[in-house]
Number of protein chains: 2
Amino acid sequence: VFEPLSHKTIEWVGGLDGHVQLVDQTLLPGEYRVMTCEDLDTLWEAIRNLRVRGAPAIGVATAYGVVLGTRQASTPQSFFEKLHSACEYLAECRPTAVNLFWALDRMRRVAEANRDARVDDLKAAMLKAAQAIRDEDAATCRAIGAAGESLIRDGDAVLTHCNAGGLATAEYGTALAVMYAAHERGRRFRVYADETRPLLQGARLTAWELAQAGVPVTVICDNMAGFLMKQGKVNLVITGADRIARNGDTANKIGTYSLAVLAKAHGVPFFVAAPLSTIDMKLSDGSGIPIEERSRDEVSKGFGRVTVPDGVACYNPAFDVTPADLIAGIVTEKGLIRPVTEARLREIFDNGSCKANKNG
Amino acid sequence: VFEPLSHKTIEWVGGLDGHVQLVDQTLLPGEYRVMTCEDLDTLWEAIRNLRVRGAPAIGVATAYGVVLGTRQASTPQSFFEKLHSACEYLAECRPTAVNLFWALDRMRRVAEANRDARVDDLKAAMLKAAQAIRDEDAATCRAIGAAGESLIRDGDAVLTHCNAGGLATAEYGTALAVMYAAHERGRRFRVYADETRPLLQGARLTAWELAQAGVPVTVICDNMAGFLMKQGKVNLVITGADRIARNGDTANKIGTYSLAVLAKAHGVPFFVAAPLSTIDMKLSDGSGIPIEERSRDEVSKGFGRVTVPDGVACYNPAFDVTPADLIAGIVTEKGLIRPVTEARLREIFDNGSCKANKNG
């Protein structure tokens, strides 16, 4: 198997008496440090403070947190007590992270399904379930890469925004999976990474992991993307997604919408890469997606220096919504949705869900 | 006279034995410090290291530099020797600043016109010429404000980029002059200031001077402008200009082009405010404007912390070019050019030049 990354974003090392290892992403790109979590408190702090981030990676971390929080139970009763308190504790960790709650639900369901088992079997089932979440995420990312790699041709320049990479997932990523898969097949291309203010995930994380994998990457400030397109230097744009409505409207990191409008104006195709789990079939369109506003400090003193005068307001929405008509296609683990219409989304989604049910 | 700013960006204090005072813009917004330049070396360093910046302000600073560099001459011969070496020295200070060379030319021409004068008269003529450059710039900025203020209506939200304000000129600014003039007339509106990566002049300088003047201002990251427009939160965009070709194509701070495309896509009028001296009638269109690429460090460690991995490339163009067809109008000291066509530019330009000649 091609290994684009020399690291594992997050993994469980050893058996039930083992531990979690994760790359502390707050230190990148200045320092690469793998931290060890032997207990739930340490892992909780790592999730809370964005040492591990990205929706799928948070799901994996949460599942491992449940393992750490229950593995010292000596009776089934204490197991379920510990399970309950671990889930409550983790739920407070990043209350807006959908994958965190999804992972808690799944772990609880596995425990319920084993309610009459011995305590050792319960604990083993937790580790097995957590590993399954991790392995499924990795497999999904590989499948997204395979479904999208043909979009990138020799000589292309691909623009991306934020970090939809291996660091946001168990490994390999979503938008970056498409690039890794093309690279794996020997295709030569260049990536432009928007630095992605305010938190600079593009400069710090996307550039770091692409460079690690040997993919040529150039960092730009977000406001340079239009000028790059005008010069004909961008052949396609690929970003990740945080949430997709059933008509294809896509919420993603702030700045994605501007990129999509600029791409349209320059005839550059704009693609989204995301697992089917990102598609929310209950949402008819993007107007129902709430936009989290984050703290002023992220804008005004992001990197150790005050850059906005005291008393001056900042506006800091974390996401924006790109309408489906600006999106050329959505790459999923079950194939490419193109054109982006509700009918095509439903077709892939129902197909993917059926298969998932058969496998699961 | 309405005084929007509690400071003078740059001024000469006292007579020929006086000194230059300027606001050290590298310390803003954290610290407001007025520095004193008693000699040419100190002023040279201030221009070089962007303590004073913005094309018109650099012109004023350069003229004052010539005064400082010649005022100790004791004979006409030593005056012209000092003039020559001061001009050579200043020319190396910021070799791409057009206004620097323009100011040097003008100071030299004044000296030549007084070639047969006594040394004291020569030195006095230098100070008078430098003050005239400063005063003309201030008057030009006021006239730009008066010509553009009616573009802003009660309740509007105006988006701007970088700093085309009082800090970039002797006082009052160009794009911000329009806002100050509207504010002076009692109109109530809000300004959104792009932070303007990589050097953050919008967050650091535009926000600071608007807040000083009591104009409500909100800082956004550059990548949020499109989302703001999509929400209907922006009524018009006004930016400055570094150079305008005779067809109206406009070079300005990187990111201006993206803003203009986004404004067009959302039906938001996009205006440029600049003195006639910015219009280069020898340039047929924007394709002839060279784009300076600046150092990687501005992108990779702009916030006092390394944000791009070692070895990863950065692309850092200082400017981009916005085509005339994206520009609703150009506000000059001689009136509003609207629509932006070569014929209308030529009309205003010839008119403005004639009047300037008559006055000069």
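Colleague: Which side chains meet in a salt bridge at 2.6 Å, N to O?
Modeller: Those of Arg197(A) and Glu195(B). Keep in mind that this is a predicted model.

Colleague: OK. How many salt bridges are there between chain B and chain A?
Modeller: The count is 2.

Colleague: And polar contacts, how many residue pairs there?
Modeller: Across the interface of chain B and chain A there are 21 residue pairs in polar contact, both residues being at pLDDT 80 or more.

Colleague: Which elements of chain B supply the side that touches chain A?
Modeller: Several helices and strands each give at least two residues to that side. The helices are α7 (201–212), α8 (225–230) and α9 (256–265) of chain B. The strands are β6 (217–220), β12 (313–314) and β13 (319–322) of that chain.

Colleague: What does that side look like by class?
Modeller: On the side of chain B that touches chain A, you get 35 nonpolar, 14 polar and 8 charged residues.

Colleague: How many residues does the contact take from each chain?
Modeller: Chain B puts in 57 residues and chain A puts in 56.

Colleague: And what area is buried between them?
Modeller: About 4,300 Å² is buried between chain B and chain A, with carbon and sulfur atoms giving 67% of that.

Colleague: Switching topic: how many residues are in the largest nonpolar core?
Modeller: It has 144 residues. Those with the most contacts inside it are Leu159, Val237 and Ile238, in chain A and in chain B.

Colleague: Take Ile238(B), then. What is it in contact with?
Modeller: Leaving out neighbours within four places in sequence, Ile238(B) contacts a list that includes Ile152(B), Val158(B), Leu159(B), Met179(B) and Phe271(B). Thr160(B) and His161(B) are also among its contacts.

Colleague: Now Leu100(A). Where does that one lie?
Modeller: In helix α4 of chain A, which covers residues 98–113.

Colleague: Buried or exposed?
Modeller: Leu100(A) counts as buried because its relative accessibility is 0%, and the cut-off for buried is under 20%.

Colleague: What does it touch?
Modeller: Beyond residues up to four places away in sequence, Leu100(A) touches Ile58(A), Thr62(A), Leu90(A), Ala91(A), Cys93(A) and Arg94(A).

Colleague: What about Arg71(A), how many Å separate the C-alpha atoms?
Modeller: The C-alpha atoms of Leu100(A) and Arg71(A) are separated by 19 Å, and the two residues are 29 apart along the chain.

Colleague: Last one: where is Thr62(B)?
Modeller: Thr62(B) is in helix α2 of chain B, residues 55–70. Its relative accessible area is 0%, so Thr62(B) is buried.

Technical notes:
Residues are numbered from 1 along each chain as its sequence is written. Chains are lettered from A and ligands numbered from 1 in the order in which they are written. This is a predicted model: local features need pLDDT of at least 70, side-chain atom pairs count only at pLDDT 80 or more; totals for chains, interfaces and linings use all residues. Side-chain values use heavy atoms; hydrogens and water are left out. A nonpolar core is a set of buried Ala, Val, Leu, Ile, Met, Phe, Trp, Tyr and Cys residues joined through side-chain atoms within 4.5 Å. Buried means under 20% relative accessible area, exposed over 50%, partly exposed in between (1.4 Å probe, protein chains only). Contact means heavy atoms within 4.5 Å. Buried area is the accessible area (1.4 Å probe) that two parts lose on being put together, summed over both. A salt bridge is a side-chain nitrogen of Lys or Arg within 4 Å of a carboxyl oxygen of Asp or Glu. A polar contact is a pair of N or O atoms within 3.5 Å; within protein, one must be able to donate a hydrogen and the other to accept it, and residues adjacent in sequence count only if both atoms are side-chain atoms. Helices (H or I, at least four residues) and strands (E, at least two) are DSSP runs, numbered from the N terminus. Ala, Val, Leu, Ile, Met, Phe, Trp, Tyr, Cys and Pro count as nonpolar, Asp, Glu, Lys and Arg as charged, and the others, Gly among them, as polar.
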